[in-house]
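Below are some questions and answers on the fold and the chain contacts of one complex. Please look at the sequence and the model first.

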Amino acid sequence: MVNPVELDGVTREFGGVTAVQDLDLTVPEGKFTALLGPSGCGKTTTLRMIAGYLAPTRGRILLDGAEATRLPPERRNLGMVFQSYALFPHLTVAKNVAFGLRMRKAGREETRRRVGEALELVGLSHLAERRPRELSGGQQQRVALARAIVIRPSVLLLDEPLSNLDARLRVQMRQELLNVQRETGVTAVLVTHDQDEALELADLMVILRDGRLEQLGHPRDVFPAPASRFVAEFLGYENFLTVPGHGPVTIRPEYVRVLAAGEEPPGGTLLSGTAARVTYRGTDCLVAVRAGDQTVLGTTAAEIRPGDEVRVLLPGDRLIHLPENAPVPATAGDTR
Amino acid sequence: MRRRPLLTALCALAYLFMLGPILLVVAVAFSGGDTIHFPPEGLSLKWFGKALSQHSFTSALGTSVLVATGATLLALLVGVPLALAVQRGRLPGRRVIEALCLSPIVVPELVVGLALYQQLMVGLRVTALGTLMIGHAVLLIPYAVRVTGASLAMADPMLEEAARGLGAGPVTAFFRVTLPVLAPGILSAGLLSFITSFNNVPLSLLLTGPGTTTLPVEMLHYVEFSFDPVVAAVSTLLLALTVAVAVVTERLIGFNKVFGR
């Protein structure tokens, strides 16, 4: 089987700065791949190299198995959705969507039919004659999507397509994006800094750090087993602890039980400490516990107040071991 | 809104100061009398008729239109690519180039005129008409660059990339996307340039000669000898044209985008 996109040792330097370093990546056909990482990790640079807007300094790019490293964007047959949508302001919605077909010299009847189908798919048939500026952000986003898929691209490239939408619409559009991808079966590559977006959409999650591949896999494999503290922090893990007998570990607060004095521990590693901060969350309380020189976040159903002496139960089967020698950044967002 | 009596009074005075004389000229143009006199004696359109039937004015008008059109086209031909290069290109020293093409605003027009007179008319024997066009074009380039640049700055730089990604080559992307998106800006630049050239006196004064003179210069000569409302009528026509162009420009792109920083 031929892979839609293959990166082979791709490196991109800007002046003296290396944005992407020696990246090997195979994008699986018909699947949703997410390039994930904080700003400056090289994910957008990677996407722009796949699209042909940037040439790699070193390395090779193959599209559908053919050498494409120096191919100009107009000869790659890729569909790109830009962060700003980049809709043509002087054209109607229908003409925006038809642009790629016109460039391919499709017949009038075929163009009309395919534009109609694409607009139908994104639910905008009724706005075909409007101009982009008359549409809401979500609608513009859909037009951009329709314009990209109508040409039946070998790969759909999405550059932070949802980042300009408000939070509620963003969550809704994720599902629509997924529906469109599943319905058309198009290979999709998404760039995002939002781990929830990647977890929900991706079949393959590619986590980048400082231009290098940090971890790669299906979200169900990556999320429970982050390979480094960087990945763990990026995926929203908050507890980074050194537990006697386990070394450096991380664990989600949901699995950490905070026991009030007198509560009987059911078994596991116990740490003693003082409750520093208690946040009520409806079904339970999130408690920050000061244990020696570490802070542990855990949950409890018991009545606990700041200052209480408590014990923290860490179930052994929920502890995730982080490699001892992995470089540890200060925070996930600050990697430069 | 809070009332500020002093500010209001100052504004009213400023308007009166600026608009008063202009309105007087317009009023005189409709006069039925024989001298420039206010209030006008009776109401008539005869001075407009006289202005339009006087050969020196109509011929000067022809020259003005020709010069303004030629100079505008020249300025756009140079200014639009310059604006594109300065804003979108990765030209080294683009700031310097930008400053250079805005510099004709700063250099006194009489100096430019004298230089052109010496080099082009005397030195290279270029006709008065040709020299006028070139001279005006130089004056207009800052407007062309500035107005086109303003509309370019408002456009999404990703548009060309989007077009390329959809299968358009660089040339097709330019003509199908970049140029249509810039069209209102270019049109405004053209209108503004046209009117600037049309109204210019200092440069034209040095470059016009017998047989080739522009309307404002002809008007200047006319009032040296005659003092009838013909000049007021011509002025009113000029004013109407200028206001019309200004309104169109404002509609298309907005003055704040043109002159604001």
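Q: Which residue is the bridge partner of A:Thr274 in E17(A)?
A: This is a predicted model. Strand E14 (residues 269–280) of chain A and E17(A) run antiparallel and are joined by six bridges. In one of the pairs across E14(A) and E17(A), A:Thr274 has as its bridge partner A:Glu309.

Q: Which residue in E17(A) is the bridge partner of A:Val258?
A: Strand E17 covers residues 309–314 of chain A and pairs with strand E13 (residues 257–259) of chain A in the antiparallel sense, over three bridges. A:Val258 has its bridge partner in E17(A), and that residue is A:Val312.

Q: Which strands stand at the edges of the open sheet of four strands in chain A, and why is one side of each left without a neighbour?
A: The pairing in this sheet is antiparallel, and the order is E2-E1-E4-E5 (chain A). A strand at the edge has a single partner strand, so one of its sides has no neighbour in the sheet. In chain A this applies to strand E2 (17–27) and strand E5 (66–67).

Q: Which residue stands opposite A:Glu67 of E5(A)?
A: E5(A) pairs with strand E4 (residues 58–63) of chain A in the antiparallel sense, over two bridges. Opposite A:Glu67 stands A:Leu62.

Q: Which helix of chain A packs on this sheet, touching E1, E2 and E4?
A: The helix makes contact with strand E1 (5–14), E2 and E4 of chain A. Its direction makes about 120° with that of E1(A). The helix is H1 (residues 43–51) of chain A.

Q: By how many degrees are neighbouring strands turned against each other on average in the open sheet of six strands?
A: The sheet has mixed pairing, in the order E6-E7-E8-E3-E9-E10 (chain A). Strand E6 (78–81) and strand E10 (212–217) of chain A stand at the edges, each with a single partner strand.

Q: Which residue in E9(A) is the bridge partner of A:Leu35?
A: Strand E3 (residues 32–36) and strand E9 (residues 204–209) of chain A run parallel and are joined by four bridges. In E9(A), A:Leu35 has as its partner A:Val206.

Q: What area do chain A and chain B bury between them?
A: In the contact between the chains, 20 residues of chain A meet 18 residues of chain B. Of the buried area, 64% is on carbon and sulfur atoms. The total is about 1,700 Å².

Q: Which residues of chain A lose the most area to chain B?
A: Together these residues make up 32% of what the side of chain A buries. They are A:Glu74, A:His90 and A:Met103.

Q: With which residue does A:Glu74 form a salt bridge?
A: Two salt bridges are counted between chain A and chain B, and seven residue pairs are in polar contact across the interface. In the salt bridge of A:Glu74, the closest N and O atoms are 2.7 Å apart. The partner is B:Arg164.

Q: Which helix gives the most to the side of chain A that touches chain B?
A: The residues of that side divide into 12 nonpolar, three polar and five charged. The helix gives four residues. It is H2 (residues 93–103) of chain A.

Key: Residues are numbered from 1 along each chain as its sequence is written. Chains are lettered from A and ligands numbered from 1 in the order in which they are written. This is a predicted model: local features need pLDDT of at least 70, side-chain atom pairs count only at pLDDT 80 or more; totals for chains, interfaces and linings use all residues. Side-chain values use heavy atoms; hydrogens and water are left out. Two strands pair if DSSP finds at least two bridges between them. Contact means heavy atoms within 4.5 Å. Axes are lines fitted to C-alpha atoms, for helices over the stretch in contact, and angles run from 0 to 180 degrees between N-to-C directions. Buried area is the accessible area (1.4 Å probe) that two parts lose on being put together, summed over both. A salt bridge is a side-chain nitrogen of Lys or Arg within 4 Å of a carboxyl oxygen of Asp or Glu. A polar contact is a pair of N or O atoms within 3.5 Å; within protein, one must be able to donate a hydrogen and the other to accept it, and residues adjacent in sequence count only if both atoms are side-chain atoms. Ala, Val, Leu, Ile, Met, Phe, Trp, Tyr, Cys and Pro count as nonpolar, Asp, Glu, Lys and Arg as charged, and the others, Gly among them, as polar.
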